[in-house]
Amino acid sequence: MLPQDPVILLSYVNTKLRDQYPSLDALCDDLETDRAQLEETLRAINYEYSPERNQFI
């Protein structure tokens with residue numbers, strides 16, 4: 001289960017992307033998470049996924 005607080009979610013997802021997953025798609029597939037919903041939640045706190053950096057910035 002992913003954290004519900006957007007700021008904690010940001011930290012959690014970026015850590016997972018850095019340490020375990022080569023892409024956001026890989027993370028979402030493995031954690032059975034809707035990518036669009038995840039991106040929407042983090043966009044609400046002004047973060048966008050950067051494929052080049054493999055993190056939300």
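Are tyrosine 49 and phenylalanine 56 buried or exposed? Both tyrosine 49 and phenylalanine 56 are buried; buried means under 20% relative accessible area, exposed over 50% and partly exposed in between, with a 1.4 Å probe and protein chains only.

This is a predicted model, in which local features need pLDDT of at least 70 and side-chain atom pairs count only at pLDDT 80 or more, while totals for chains, interfaces and linings use all residues. Residues are numbered from 1 along each chain as its sequence is written, and side-chain values use heavy atoms, with hydrogens and water left out.

**Stop 1: helix 1**

Select residues 6-19, which form helix 1. Helices (H or I, at least four residues) and strands (E, at least two) are DSSP runs, numbered from the N terminus. The expected span is 1.5 Å times one less than the number of residues.

Now colour Leu9, Leu10, Val13, Asn14 and Leu17, the buried residues of helix 1. Viewed down the axis of helix 1, these buried residues fall within an arc of 125°, so they line one face of the helix. The arc is that of the directions from the helix axis to the C-beta atoms. An α-helix has 3.6 residues a turn, so residues three or four places apart point the same way. On the other side of helix 1, look for Val7, Ile8, Arg18 and Asp19, which are exposed.

Show helix 2 (24-31), helix 3 (35-43), strand 1 (49-50) and strand 2 (55-56) next: the buried residues of helix 1 pack against them. Contact here means heavy atoms within 4.5 Å.

At the N-terminal end of helix 1, select aspartate 5, which caps it with a side-chain oxygen 3.0 Å from the backbone nitrogen of valine 7.

**Stop 2: the core**

Select Val13, Leu17, Leu24, Leu27, Leu38 and Phe56, which touch the most other members of the 13-residue largest nonpolar core. Helix 1, helix 2 and helix 3 each give two or more residues to this core, and the largest share, 4 residues, comes from helix 1. A nonpolar core is a set of buried Ala, Val, Leu, Ile, Met, Phe, Trp, Tyr and Cys residues joined through side-chain atoms within 4.5 Å.

Stay on leucine 24: not counting residues up to four places away in sequence, leucine 24 touches Leu17, Arg35, Leu38, Glu39, Tyr49, Asn54 and Phe56.

**Stop 3**

Asparagine 14, in helix 1, counts as buried at 17% relative accessibility. Leaving out residues up to four places away in sequence, asparagine 14 touches Gln55 and Phe56.

Asparagine 54 lies in the loop between strand 1 and strand 2 and is buried, with a relative accessible area of 14%. Its side chain makes a polar contact with the side chain of tyrosine 49 (2.6 Å). A polar contact is a pair of N or O atoms within 3.5 Å; within protein, one must be able to donate a hydrogen and the other to accept it, and residues adjacent in sequence count only if both atoms are side-chain atoms.

**Stop 4: glutamate 48**

Move to the loop between helix 3 and strand 1, where glutamate 48 sits. At 40% relative accessibility, glutamate 48 counts as partly exposed. The side chains of glutamate 48 and arginine 43 make a polar contact (3.0 Å).
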